[in-house]
Protein chains: 2
Amino acid sequence: MPETAPRADRPADRLRDRTSGTRYGNRPTMKDVAARAGVGLKTVSRVVNGEPGVTPDTERRVQEAIEALGFRRNDSARVLRKGRTASIGLILEDLADPFYGPLSRAVEEVARAHGALLINGSSAEDPDREQELALALCARRVDGLVVIPAGDDHRYLEPEIRAGVATVFVDRPAGRIEADVVLSDNFGGARDGVAHLIAHGHRRIGFIGDMPRIHTAAERLRGYRAAMEDAGIAVADSWMSLGVTDPERVRRAAEAMLTGPEPVTAVFAGNNRVTVTVIRVLAGLSRQVALVGFDDIELADLLQPGVTVVAQDAAALGRTAAERLFRQLDGTHLTPERIELPTRLVTRGSGELPPSD
Amino acid sequence: MPETAPRADRPADRLRDRTSGTRYGNRPTMKDVAARAGVGLKTVSRVVNGEPGVTPDTERRVQEAIEALGFRRNDSARVLRKGRTASIGLILEDLADPFYGPLSRAVEEVARAHGALLINGSSAEDPDREQELALALCARRVDGLVVIPAGDDHRYLEPEIRAGVATVFVDRPAGRIEADVVLSDNFGGARDGVAHLIAHGHRRIGFIGDMPRIHTAAERLRGYRAAMEDAGIAVADSWMSLGVTDPERVRRAAEAMLTGPEPVTAVFAGNNRVTVTVIRVLAGLSRQVALVGFDDIELADLLQPGVTVVAQDAAALGRTAAERLFRQLDGTHLTPERIELPTRLVTRGSGELPPSD
């Protein structure tokens, strides 16, 4: 039936195909190629899959038919036969958070070095969506998954892991399964940042963080509490605020702890989204308030004062996680491990301001 | 053969599976489910695909077998049969460029509103990689593609478009095919930004942009030239520098045009990556140099002086492109169109500085 495939070239048929429900109904098939080239189906299959046993002349005829029809091998079928797709998946939390930019790029660079494509998706901090996306990527036969988890129960991945899908968690640990995980030292980094403020004379120090169910937020709060306790400072409830990191919520939290009966003289901001809003709040005050933020932010060094931060190495997190993934796929790494990367205090001015009262 | 599938539960077999080459060899199949439930294959198929004709008791037995074995329907097989996957692909240029964050998130929000998953990949500004990624996503049967193109020849997508894959280009036009494209007014935005500097007394104005083969870079240079010509200013070659946007190249370009025989008194930065480096260069000078940057950047308003920019609405670009894509899929939009979104000049101080000599 050599006349069915070229049909799609005619504009009227393109229109009809778009409006009808048969989305892929008119893709040329191997059968169409065989008919046009005047050869058998097996010969087309040999040419498409690079197998021997085809004369140069026949191969040329098949290639011409492939080009004329716009035939393309269906990888969904191929995946079913061969089981490997040379692709890995990455599940992020938020596509728009700049923290994930260098992390994603590092994962992609490692994937590319291993000849694999990276496909991403974002959970938007929704555990159901994380699961839906992870399973959708597995159903499309990715070889492995790097997951920044939104949920705290990953048993849904167990059948995939058993079936050989390599899995590494990054930034936050997996819940209720054993898996490789690559984290920053969130507790130690926050403790050091708060201790830095204490060393500069502060005692009333505020903490503004992300939602407490998020591992990194809880760990950083724990670091704040540890530093305060180490210094013998009793923490007032009004100095701590955890919740979503949208500017409105953070602004209100900062203003409340800056104006209460025991106003803070310094703020520890729990992540980059919080830091950016706190900088704006502090810029509007007449008195100076010290600030240390978790995560580095672009242009932090050019502000007045420069913003002191506890920097994570986002690229190293991504690179380390992706390298673990490929070691799993190579079969050279078999026991799940927890890897913790150090953070780094970068002093630029805002964290070295003395208490203003 | 009911004993083959549960095998994977035993740790020794997990080890063996990882080290052997058969990645997905031990996934439980419908046949395994049928054997365990003591029913026929067709019955399992009916349950898995939600088809009628199964008694509640039999359905329960099949479901129990599915859970016990960790069976999961293979969507690659399903896609082959049904032709729809409820997913769209997005091909970015650079995962780490903050411009693409809000754009990606907007595409994802529209996809979600249509019940589709978004899967991303990045071309890293490499036309071959763009093609490889686009075809890999098509082979995995995405319903549509939103493409920020790296290349300038997209004829490789014609068979996919004919087969019904919806396609929208964003930020840069498609090459050599007719397709929907959503762009910012790069020419007009740059012309307005440069005219703004001219209105503040500048005549020696530098332009630092991305590689000239990139559409946006070429259009913005054209806008710069038009504004200069409108004002009757002859442009010296030493005032224009196009190339990669890594900090080293941009720094050298800025320093050269700030110290030459006809040093510029103002710089127009062709994108956000350029702007960030130029801000750093200007911060190290003793004299004041005016700056207008294309693209807004976080914290630009808190610098001294605030950075005047020509802002694009990255979220609107992504949203508009994704909505066109779903209109193609609905069959309500059939003729390729070019949509241009306006830019907005945001004055904050750096673009209103007078010439310093």
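Student: Which way does H6(B) cross H13(B), left-handed or right-handed?
Tutor: The crossing is right-handed. Keep in mind that this is a predicted model.
Student: At what angle do the axes of those two chain B helices cross?
Tutor: Roughly 35°, with the axes of H6 (residues 100-113) and H13 (residues 314-330) coming within 7 Å.
Student: Which residues meet there?
Tutor: From H6(B), they include B:Leu103, B:Ala106 and B:Val110. H13(B) brings, among them, B:Ala315, B:Leu317, B:Ala322 and B:Phe326.
Student: How many of the contact residues are nonpolar, polar or charged?
Tutor: The contact of H6(B) with H13(B) has 11 nonpolar, 1 polar and 2 charged residues.
Student: OK, switching to chain A. What is the strand order in the open sheet?
Tutor: E7-E6-E8-E9-E10-E12, 6 strands with mixed pairing.
Student: Why do E7 and E12 of chain A each have one side without a neighbour in the sheet?
Tutor: Strands E7 (240-242) and E12 (344-346) of chain A are at the edges and each has a single partner strand, so one side of each is left without a neighbour in the sheet.
Student: And how do E8 and E9 of chain A pair?
Tutor: In the parallel sense, over 4 bridges. In one of the bridges, A:Ala269 partners A:Gly293 in E9(A).
Student: Which strands does helix H9 of chain A touch?
Tutor: H9 (residues 186-199) of chain A packs on E6, E8, E9, E10 and E12 of that chain. The direction of H9 makes about 170° with that of E9(A).
Student: Where does H10 of chain A lie?
Tutor: H10 (residues 215-230) of chain A lies across E6, E7 and E9 of chain A. H10 runs at about 170° to E6(A).

Definitions and conventions. Residues are numbered from 1 along each chain as its sequence is written. Chains are lettered from A and ligands numbered from 1 in the order in which they are written. This is a predicted model: local features need pLDDT of at least 70, side-chain atom pairs count only at pLDDT 80 or more; totals for chains, interfaces and linings use all residues. Side-chain values use heavy atoms; hydrogens and water are left out. Axes are lines fitted to C-alpha atoms, for helices over the stretch in contact, and angles run from 0 to 180 degrees between N-to-C directions. A crossing is left-handed if the near helix is turned anticlockwise from the far one by less than a right angle, and right-handed if clockwise. Contact means heavy atoms within 4.5 Å. Ala, Val, Leu, Ile, Met, Phe, Trp, Tyr, Cys and Pro count as nonpolar, Asp, Glu, Lys and Arg as charged, and the others, Gly among them, as polar. Two strands pair if DSSP finds at least two bridges between them.
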